[in-house]
Amino acid sequence: MYSFLNSPGQLTKWSSSDGDPCGESWKGITCSGNRVTEIQISGLGLSGSMGYQLTSLTSVTNFDISNNNLGNQIPYQLPPNVQRLNLAGNGFTGGLPYSISQMKSLQYLNVSHNQIQGELNDMFGSLSSLNTLDISFNSMTGKLPQSFQSLTSMKKIYLQNNQFTGNVDVLANLPLDDLDLENNQFTGGIPEKLKGIIQKSNSNTGSSGPAPPSPPGAPPANRSSTHSKKSGGNGSPSSGGGGNDSGAKSGISGGGVAGIVISVSVVGAVAVIFIIKKRRRKSSTDIEKLDVQPFALDSQEVKDTKLSQNSSTTSTEAIETPTAVPLKPPPINPRKSIGGDDISAKPIVPQKKTHTAERNVVQYSISDLQMATDSFSVENRIGDGSIGSVYQGHFDNGKVLTVKKLYSSELQNPENFVKMVPDISQLDHPNVTELVGYCSEDGQHLLVYEFHKNGSLHDFLHRMDEGSTRLITWDSRVKIALGIARALEYLHEVCSPFLVHKNIKSENILLDADLNPHLSDSGLASLMADVDQGLNHKIESGYGAPEAAVSRKCTTKSDVYSFGVVMLELFSGRKPFDSSRPRSEQSLVRWATPQLHDIDALEKMVDPALNGLYSVKSLSRFADVISLCVQPEPEFRPPMSEVVQALVRLVQRANMSKRLHGIDQDSDVQD
C-alpha cells in the first residue's frame with residue numbers, strides 16, 4: 001500500500017518492505033497484538049492509489065483515507081471485515097464497488113464529496129448493521145434501491161447534492177433520526193413518517209467550516225440554507241472524515257421541480273443529437289473511460305483510435321515483432337487504484353466455494369487411475385493439450401473426475417512436481433478448477449481435477465453441432481468472459497506471489513452444467529519451460545502475445561492478451577487461427593482489430609449462431625474491452641481487475657435493460 005501511495009514522506013516510519021507497522025508505531029496505524037486493526041490516514045495530501053490487495057487486511061475494522069487525492073475508481077478489494085469505512089473527499093469516479101455488499105460488519109460508510117456517478121446498485125440487502133450512510137455531494141442518478149428497506153439499523157442517511165430521481169418510499173420504515181434529501185430530483189410526496197425526521201435533520205446547523213465544493217456535474221447546493229457538519233464514527237460531529245451537509249428545506253422543492261424540467265430538456269436535446277449522429281462509434285483508449293459516464297451520456301463519442309494489430313499467423317510464416325500504431329492510447333498507470341463492482345447472489349456469477357485453510361489432496365496410485373480410466377482408454381480420453389492428455393475417470397465412490405496425464409517431455413522440473421501440488425491445491429476461486437488429487441509414480445505425473453460435464457469452451461464454440469452452439473447465448477458468453485476475467489484477476493492480483501497462467505485458451509476453459517466457466521491448468525506454469533513447443537504452439541495458434549514471440553517469455557500482460565483472444569472467440573465464434581478461411585481472415589486478431597470500433601462491422605463480425613439476439617450496445621462495450629486486451633504493446637493492456645470492472649458494468653447495464661427484451665433491436669441502436 002505504501003508503494004502504491006508513491007511512498008509519501010508524511011507516512012512516517014512506513015516502509016514498502018521489511019517493516020513492522022505494529023512494533024514500529026507507523027503513523028495512522030493501530031494494532032492489536034501483531035494484527036493491524038485500524039488505518040486512519042485522513043487529510044494527509046496522499047496521492048497515487050491504495051493498491052490491489054486490501055482484502056488481506058482481515059483484522060482492520062476502521063479504514064479512513066478520507067480527504068486525500070486518491071481519484072480514479074474505488075478499488076474493488078477493500079478490507080472485508082471493516083466496520084467503519086471512510087473514503088470521502090478523494091475525487092473518486094465511477095461507481096461504488098459491489099464488494100461493499102459483502103461487508104456484513106459494516107456500520108458506517110462515507111463516500112461523500114467525490115465524483116461517483118451512475119445509479120446506486122441494489123447492494124444493501126446484507127448490511128443490517130449499517131447505521132450511517134453518507135453518499136452526499138456526488139453525481140449519482142436513478143432511483144433509490146429497494147434493498148434500502150433491509151437497513152434495519154439505519155439511523156443517519158445523507159443523500160443531498162446528487163441527481164437521484166423517483167420517490168423515497170423505501171426509506172419510510174427505517175429507524176431514522178437524521179435524513180437529508182436536499183438538492184436532488186425526487187418526485188412524489190414525502191412519507192408521513194419521514195417528515196419529522198427531515199425537519200429534525202435540517203434544523204441541525206452545527207458547522208466546522210464551509211462545505212467542500214460540489215464535484216463537476218453535481219447540482220449546486222442551496223447557498224442560503226446549506227450548512228456543513230463533519231461526520232464521525234457514530235454520525236456525530238467530528239474533525240475527521242468527509243462532510244455531511246444538511247439543508248434547511250425538505251427534499252423536493254420548487255427548485256427541484258425546475259431542475260427536473262431543465263434536466264428533461266437537456267436530456268431530450270442530447271438524445272436528438274445522438275439519434276442523428278452516424279452509427280459509427282468512437283472507442284475509448286482507456287478502460288477507465290468505458291461506461292463510467294451517467295446513463296444519459298451513454299452514446300457520447302470520444303477520441304477515435306484505430307488500432308492495427310500484428311499477430312503471428314501460421315507456423316510457416318516468419319514471426320513478426322510488434323509495430324507502432326498511428327495513434328497510441330496513454331499508458332495505463334500500474335499504480336492506480338483498481339476499482340470494480342461485483343455481482344453477488346445473481347446468476348451471472350457462480351457462488352463462492354467454501355474456503356478451507358488446508359485442502360486434503362488425495363494421493364492416487366497409478367493402478368487407481370488406470371482402473372478409473374480403463375487403462376487410459378481412447379473411449380475415456382477427453383482431449384489432448386499442449387502439456388498433457390485429459391481423461392474422464394470413474395472412481396469407486398461414484399465420483400467422476402478429470403485425470404490429466406502430463407507429458408514428461410514438457411516438464412521443466414519434474415522433481416518439483418510433488419512440491420508444487422500443495423500450492424495448486426490451495427487455489428480457491430469459483431472460476432478456477434479445483435485440484436482433487438495427484439499421482440507421481442514410476443516417472444509419471446498426473447493431476448486429478450473436478451469434472452465439468454459440458455467440456456471445454458473450445459468444444460462448445462467450434463465442435464458442437466449448430467443447436468448446441470446456440471445454447472451459448474450472448475448473456476452466457478459475457479458471463480463466461482467475466483468468470484475467466486475473475487479467475488485471472490485472482491491469479492494475478494490476489495495470489496501471493498502472483499501467478500502467470502501462460503496457457504490461456506478456450507480449450508482450458510471448462511463449462512459446468514450452468515455454463516459457469518472454470519479455468520484449468522492454473523499454477524502449472526512453474527513446471528513448464530517458456531521456450532518449448534507449448535509456447536510455439538500458442539503463438540502459432542493465435543493465442544500468443546506478440547512480445548512472447550520475441551522474448552520467449554510469458555507475463556501477466558501476455559495472459560491479458562490471450563484472454564482478449566478468448567473474448568474474440570466468444571464474440572465471433574471463430575477460431576484464433578483458421579487456415580480454411582481467406583488469407584486476410586485467417587488470424588482472428590489481425591482480421592478483427594481494425595473493425596472493433598465500427599458498429600456496422602461489429603454486427604457483421606458477431607457469431608451468426610446468435611441469430612441477432614443481443615444488444616448492439618453490449619456488443620460495442622464488449623468490443624472495447626477486447627480492443628484494450630489485444631493491444632500490441634503490453635504496457636497498454638489493462639490489469640485484469642480493470643477488465644473485471646468493465647465487464648461487471650456491462651453485466652449490470654444488461655440486467656437493468658432486461659425490460660428492453662422483446663423490443664425491436666433497432667431501438668437499442670438508436671438509444
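Helix 14 is mostly covered, with 14 of its 17 residues buried. In this predicted model, helix 14 comprises residues 640–656 and reaches 24 Å from its first C-alpha to its last, close to the 24 Å expected at 1.5 Å a residue.

Leu647 is among the residues that touch the most other members of the largest nonpolar core, which holds 60 residues; the others are Leu457, Phe563, Phe571 and Phe622. Two or more residues of this core come from each of helix 5 (457–462), helix 7 (474–494), strand 22 (509–511), helix 10 (556–572), helix 11 (588–592), helix 12 (599–605), helix 13 (616–629) and helix 14. Helix 7 gives the most, with 11 residues. Leaving aside residues up to four places away in sequence, Phe622 touches Trp474, Val478, Ala481, Met567, Phe571, Leu647 and Leu650. Another core, of 58 residues, lies apart from this one and includes Tyr2, Tyr98, Phe124 and Leu194.

Six strands form an open sheet in the order 16-20-21-19-18-17, with mixed pairing. Strand 16 (362–363) and strand 17 (381–384) are the edge strands, each pairing on one side only. Strand 19 (residues 400–406) and strand 21 (residues 444–450) run antiparallel and are joined by five bridges; Lys404 has Leu447 of strand 21 as its bridge partner. Helix 4 (residues 417–425) packs on the sheet, where it touches strand 19, strand 20 (435–441) and strand 21. The direction of helix 4 makes about 180° with that of strand 20.

Definitions and conventions. Residues are numbered from 1 along each chain as its sequence is written. This is a predicted model: local features need pLDDT of at least 70, side-chain atom pairs count only at pLDDT 80 or more; totals for chains, interfaces and linings use all residues. Side-chain values use heavy atoms; hydrogens and water are left out. Two strands pair if DSSP finds at least two bridges between them. Helices (H or I, at least four residues) and strands (E, at least two) are DSSP runs, numbered from the N terminus. Contact means heavy atoms within 4.5 Å. Axes are lines fitted to C-alpha atoms, for helices over the stretch in contact, and angles run from 0 to 180 degrees between N-to-C directions. The expected span of a helix is 1.5 Å times one less than its number of residues. Buried means under 20% relative accessible area, exposed over 50%, partly exposed in between (1.4 Å probe, protein chains only). A nonpolar core is a set of buried Ala, Val, Leu, Ile, Met, Phe, Trp, Tyr and Cys residues joined through side-chain atoms within 4.5 Å.
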